[in-house]
There are 2 protein chains.
Amino acid sequence: MKKPRTVGIRELAAHLGMAISTVSRAMNDRSEVSPETRKRILAEAERLGYRPNQSGRSLRSGSTKAVALTMRTDIGRTMSGETFFMALSEGLQSTLANVGYDLMILPCASDQDENEFLYRAVDRRLADAFIISNVQRIDPRIDYLRKWHMPFVALGSSETKGDYAALDLDFAGVAETSVRRLATQGHQRILLGLTAQETNNNYVFLAGFKTGLEKAGLAFDERLVLRLHDRISGGYELASTLLAMDDRPTAALLIQETMAMGLYQRLGEAGLQPGKDLAVIGFRENPVCRYLTPSLTSFRIDLKQYGARLGEMIIAELDAEAKGADRSDFVHEVWPMELVPGKSDGAA
Amino acid sequence: MKKPRTVGIRELAAHLGMAISTVSRAMNDRSEVSPETRKRILAEAERLGYRPNQSGRSLRSGSTKAVALTMRTDIGRTMSGETFFMALSEGLQSTLANVGYDLMILPCASDQDENEFLYRAVDRRLADAFIISNVQRIDPRIDYLRKWHMPFVALGSSETKGDYAALDLDFAGVAETSVRRLATQGHQRILLGLTAQETNNNYVFLAGFKTGLEKAGLAFDERLVLRLHDRISGGYELASTLLAMDDRPTAALLIQETMAMGLYQRLGEAGLQPGKDLAVIGFRENPVCRYLTPSLTSFRIDLKQYGARLGEMIIAELDAEAKGADRSDFVHEVWPMELVPGKSDGAA
């Protein structure tokens with residue numbers, strides 16, 4: 001089968017013996033072109049199967065009508081059932097579609113530099129606006145986006161200074177609430193499982209943990225803070241560390257709920273039972289953890305709503321950019337999460 | 001804070017008192033512009049913070065240098081820990097990056113028509129090539145992509161006729177191997193759990209199931225084929241149906257492994273044990289299922305490699321498109337999967 005090439009405006013113009021600019025004006029229904037010429041051009045376009053290129057339209061409107069969400073695809077995360085982004089995208093995409101915008105997810109592979117990845121996408125103007133995730137404590141992407149006046153929302157808070165919009169889960173609140181709950185149950189030595197990355201939520205979670213300890217009148221012990229390299233296996237590692245301790249903590253708080261899977265497994269191997277021998281609180285209520293026994297105490301968020309809110313925020317940024325207005329109204333929003341008590345914690 | 005608007009080529013030209021076309025030629029280093037004029041334009045561009053728009057570059061090269069992967073975000077799937085796409089993207093994105101292409105995932109929300117969604121993305125030329133997933137038995141998207149000569153790969157096979165590239169997992173082989181394994185273990189009545197969608201792999205899996213029965217000398221019973229609406233809860237539903245049967249099947253084969261979670265739960269509630277009271281084989285070895293006890297018999301695939309192969313295939317399509325060559329070499333590739341015996345099946 002002979003596969004014909006796509007006919008571009010250049011070829012269409014050549015077929016017609018006309019200037020590209022004339023063809024372009026005709027395709028855009030501009031008055032400089034006579035109705036007869038326009039008719040002839042459209043007929044030829046139809047015959048040749050030419051269709052106007054979006055890139056051409058973009059050049060004129062300066063817009064791609066797309067919002068990009070950057071995301072790391074680290075095998076480690078994905079293998080742990082990290083479904084957060086897909087559920088979030090559901091609400092985000094619907095909200096953007098309502099105003100004629102497309103959502104594109106730009107996955108950054110683990111062997112790529114996340115900053116360079118974003119710079120490149122911005123340079124190429126792959127989208128009209130960006131949502132950056134996996135926000136680092138100091139995140140140079142924020143400066144870059146600001147420098148180039150690209151509308152964006154940081155999905156996660158950061159120490160990077162400057163006015164910009166940000167949306168985050170209430171990591172501090174979850175940690176504080178969890179510690180106070182565990183303290184009320186009589187726990188005095190609480191192990192904290194963080195991730196090993198420089199993601200800002202590690203710091204926020206730790207701060208909330210410390211606040212909770214302080215309010216409960218408990219001392220902070222640096223040795224009880226573990227930084228784990230992976231999710232499920234990180235929970236396994238955490239349990240192993242705990243089992244080897246002389247003065248064993250009676251509770252564990254996890255920044256990522258899938259860690260609980262490995263933790264449950266390791267405890268089981270040692271003949272210990274979560275909820276009875278160790279109080280465990282995970283972070284987010286995750287369907288992947290639904291089948292853990294005993295049920296994991298965690299915190300609920302409606303990710304579809306959260307995605308919809310993110311959509312509203314990026315649309316507001318696009319609007320503000322279009323208006324070129326003075327800005328003193330950047331939203332920094334932290335979403336509360338609701339405690340869902342399970343059977344994995346309780347009296348010390 | 002005063003947020004300056006992005007300076008576009010129009011404003012830059014206005015500042016310079018020059019025609020947009022002159023500025024454009026200068027930015028593209030074209031010889032029609034004198035070195036002095038070019039220097040002046042670049043200095044002003046630098047001063048105003050103008051940067052060339054990728055869309056402008058696209059108009060000239062006719063290329064976005066991006067490949068789009070379409071994906072449904074159905075909450076039902078995402079809530080079941082469907083991490084398939086993220087792991088696949090890892091290999092796909094790396095392969096594309098090697099040749100200077102970006103991967104963008106276009107998530108289609110559950111309230112949107114998947115066909116219209118694709119047509120719109122093609123019309124807008126969001127990418128130079130497309131990978132469509134969730135391929136339907138008869139999939140009009142294939143015709144549309146062919147009609148507009150858009151390079152693409154179908155991630156999944158289809159009954160839609162025509163020459164095009166496709167990559168799929170070996171659904172037929174997995175079903176046949178599973179049935180023969182169960183038959184060898186002495187099972188004669190095997191329940192088949194499919195999904196309720198018109199996804200083509202339902203049909204392929206059923207065909208492999210029938211082939212397996214035939215080769216094992218077992219009769220096919222239409223009543224043992226269930227079409228389930230969701231993943232985890234679908235497994236629960238399947239177990240409930242099974243428990244209510246007079247002539248209860250002794251084995252169950254699932255097209256989607258997370259169904260096993262709900263199935264295990266329902267069996268547990270009935271005091272029954274997978275592997276002992278019911279032989280169960282899931283589809284793909286999934287880390288989310290790693291913590292099921294007894295371990296689930298399933299089939300292994302390296303998703304990073306699979307994604308890399310998909311990348312090679314779409315690059316081949318882009319190359320062929322660029323060459324405008326005669327095509328009789330469309331690849332339709334089916335990837336074998338390797339049995340990983342667990343403890344969820346065994347003697348009847």
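These questions and answers go through a pocket, a threonine and some aromatic rings in a predicted model.

Visitor: How much space lies in the second largest pocket?

Guide: The lining of this pocket has 16 residues, and those nearest its centre include Tyr291(A) and Tyr291(B). Helix 12 (259-269) of chain A and helix 12 (259-269) of chain B each give two or more residues to the lining. The space in the second largest pocket is about 560 Å³.

Visitor: Is Thr195(A) buried or exposed?

Guide: Thr195(A) lies in strand 6 (residues 190-195) of chain A. Among the residues it touches are Arg227(A), Leu228(A) and Ile255(A). Buried means under 20% relative accessible area. Thr195(A) has 8%, so this residue is buried.

Visitor: Which side chain is joined to that of Thr195(A) by a polar contact of 2.8 Å?

Guide: Thr195(A) touches several residues, including Arg231(A), Met259(A) and Asn202(A). The polar contact of 2.8 Å joins the side chain of Thr195(A) to that of Asn202(A).

Visitor: What kind of aromatic pair do Phe84(A) and Phe85(A) form?

Guide: A pair of aromatic rings is described by the distance of the centres and the angle of the planes. Planes over 60 degrees apart count as edge-to-face. The centres of Phe84(A) and Phe85(A) are 5.5 Å apart and the planes stand at 90°, so the pair is edge-to-face.

Methods
Residues numbered from 1 in each chain as written. Chains lettered and ligands numbered in written order. Predicted model: local features only at pLDDT ≥ 70, side-chain atom pairs only at ≥ 80, totals over all residues. Heavy atoms only, no water. 1 Å grid on protein atoms, 1.4 Å probe; cavity = no way out; pocket = protein on both sides within 12 Å on 5 of 7 lines; lining within 4 Å. Points joined across faces, edges and corners; volume = space filled by probe spheres on them. Helix = DSSP H or I, 4+ residues; strand = E, 2+ residues; numbered from the N terminus. Buried < 20%, exposed > 50% of the residue type's maximum accessible area, 1.4 Å probe, protein only. Polar contact = N/O pair within 3.5 Å; in protein donor to acceptor, adjacent residues only side chain to side chain. Contact = heavy atoms within 4.5 Å. Phe/Tyr/Trp six-rings, centres within 6.5 Å; stacked < 30°, edge-to-face > 60°. Lists of a residue's contacts leave out its neighbours within four places in sequence.
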